[in-house]
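Me: I have a model open here and want to go through a few features. Can we start with the rings and then move on to the strands?

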Amino acid sequence: MSSEFIVFGAPQIERDEIDEVVACLESGWIGTGPRVAQFETEFGAYKGQPFAAGVSSCTAAMHLSVLAAGIGEGDEVITTPLTFCATVNAIVHAGATPVLADVDPVTMNIDPAEVEARITSRTKAILPVHFAGRPANMDALMTIAERHGLKVIEDCAHAIETEYHGRKAGTFGDFGCFSFYATKNVTTGEGGMVLTRKEEDLARIKMLALHGMSKDAWKRFSDEGYKHYFVVETGFKYNMMDLQAALGIHQLRRVESNWLRREQVWQQYNEAFAGLPVTLPAETEANTRHAYHLYTILIDETRTEINRDAFLDLMTTKNIGAGVHYLSVPEHPVYQDKFGWRPEDYPQAMRIGRQTVSLPLSAKLTDAEVARVIEGVRNALGAKGKEVRAKREGASARRKEVTAESEALPLAAYHLPLSTTQSS
């Protein structure tokens, strides 16, 4: 069996993407242009949403969405502590204050009851994350948002294929933000997308993403002739390039077949790990669709006799790449210093963050590689368990020897001389 390193989240790149990238290079138009427009149209069609803006990353998508929602200094946005730092950073960069609400221990998604408890007069939005590709409880979250007049910005970095009660993730809130990073289910290397429900929000996001320049400024060097533009707001350099979109167009066309392959791997993992002393992902809820982006297991040392980091080290020695998604946000010093957050204030996210391991899950995985991952997990747990059991058995045998030796001693050996027992 091959010992080649299994890269975590390796993308499935095929001939169509390569040919499209070459065609893009040969066209001479590699910046923002017609391929970005095509990718936006096709991604919007896939999600059933007419307004889509391609950007440089999901982080950019969230930052622009917070700004387009009219959120800034003095405002609060409620989000989850179990997420990548980008979710919180997007709020901070807009000048607003992130407020954390703990997660449900089973779904690992933000708990609506915790959200409700943290709403104040300064709350302006909820920013849920569809963690690992499992949809958040959007019925409850949208009800809360409507009752309090809040915006909803969905972090769909894990959730391209995700559905909740017949609707696609990213179409519930005012904004849906997607990632096309190298490890994502659809990749452009780096890149992101914003879905909006209103055309005016789309226009502002596109303008902010390209320096704050007026509409269609990217066409100023096209064959239509030079176009004058005006800077109408101090914006950012967040635009997507045609080189990125060239990858995304064909990645998107295989999104369903790739999803089916990841589902197969997911089920193989579930069956193989069913008898192991680890916590597996919860079953997919009725009338929802899991994107199968991350396959996370929880390593509880009291059950496995090995801690999470030791498990990761053992997997690495077997040439198997694994990830941590994620240490809870309050674990990081910058947020402790800035907001006074402490991990123990969010006990579910803290526990999950300290125990979680993400195993390789990609349409590129071969059956042989899946078998190696399964064997690696079993061996990592079993090897450590044998070591711990051997130590325990050795200690137990030693205790028995000591007991036997003690029983063989004469009774007088248990009595100290009288002089040592008398008080002075």
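Me: How many aromatic pairs does the count come to?
Reply: The count comes to 16 aromatic pairs. Keep in mind that this is a predicted model.

Me: What aromatic pair do phenylalanine 131 and tyrosine 326 form?
Reply: An edge-to-face one, with 6.4 Å centre to centre and 70° between the planes. Phenylalanine 131 sits in the loop between S4 and H6, so this pair ties together parts 195 residues apart in sequence. Both phenylalanine 131 and tyrosine 326 are buried.

Me: Which residues form one aromatic cluster?
Reply: Trp259, Trp266, Tyr269, Phe273, Tyr292 and Tyr295.

Me: Strands now. How many residues of S4 are buried?
Reply: Four of the five residues in strand S4 (residues 123-127) are buried, which leaves the strand mostly covered.

Me: In which sense do S2 and S4 pair?
Reply: Strand S2 (residues 76-79) pairs with S4 in the parallel sense, over four bridges. One of the residues involved is threonine 79, whose bridge partner in S4 is leucine 127.

Me: What joins S4 to S5?
Reply: Two bridges, and S4 and strand S5 (residues 151-155) run parallel. Alanine 125 has lysine 151 in S5 as its bridge partner. Between S4 and S5 the chain passes through helix H6 (residues 138-148), in a right-handed β-α-β crossover.

Me: What is the order of strands in the open sheet of three?
Reply: S7-S6-S10, with antiparallel pairing. The edge strands, S7 (167-168) and S10 (288-289), each pair on one side only. Strand S6 (residues 163-164) is joined to S7 by two bridges, and tyrosine 164 stands opposite arginine 167 in S7.

Me: Last topic, the surface. Which residues make the nonpolar patch?
Reply: Ile13, Ile18 and Val22 make a nonpolar surface patch of about 210 Å². Isoleucine 18 lies in helix H1 (residues 15-27) and is partly exposed, with a relative accessible area of 35%.

Note on methods. Residues numbered from 1 in each chain as written. Predicted model: local features only at pLDDT ≥ 70, side-chain atom pairs only at ≥ 80, totals over all residues. Heavy atoms only, no water. Patch = residues over 30% accessible without salt bridge, like charges linked within 9 Å, V, L, I, M, F, W, Y side chains within 5 Å. Areas by Shrake-Rupley, 256 points an atom, 1.4 Å probe, with all protein chains shown as cover. Salt bridge = Lys/Arg side-chain N within 4 Å of Asp/Glu carboxyl O. Buried < 20%, exposed > 50% of the residue type's maximum accessible area, 1.4 Å probe, protein only. Pairing = 2+ DSSP bridges. Right-handed = clockwise from strand over helix to strand, strands pointing away. Phe/Tyr/Trp six-rings, centres within 6.5 Å; stacked < 30°, edge-to-face > 60°.
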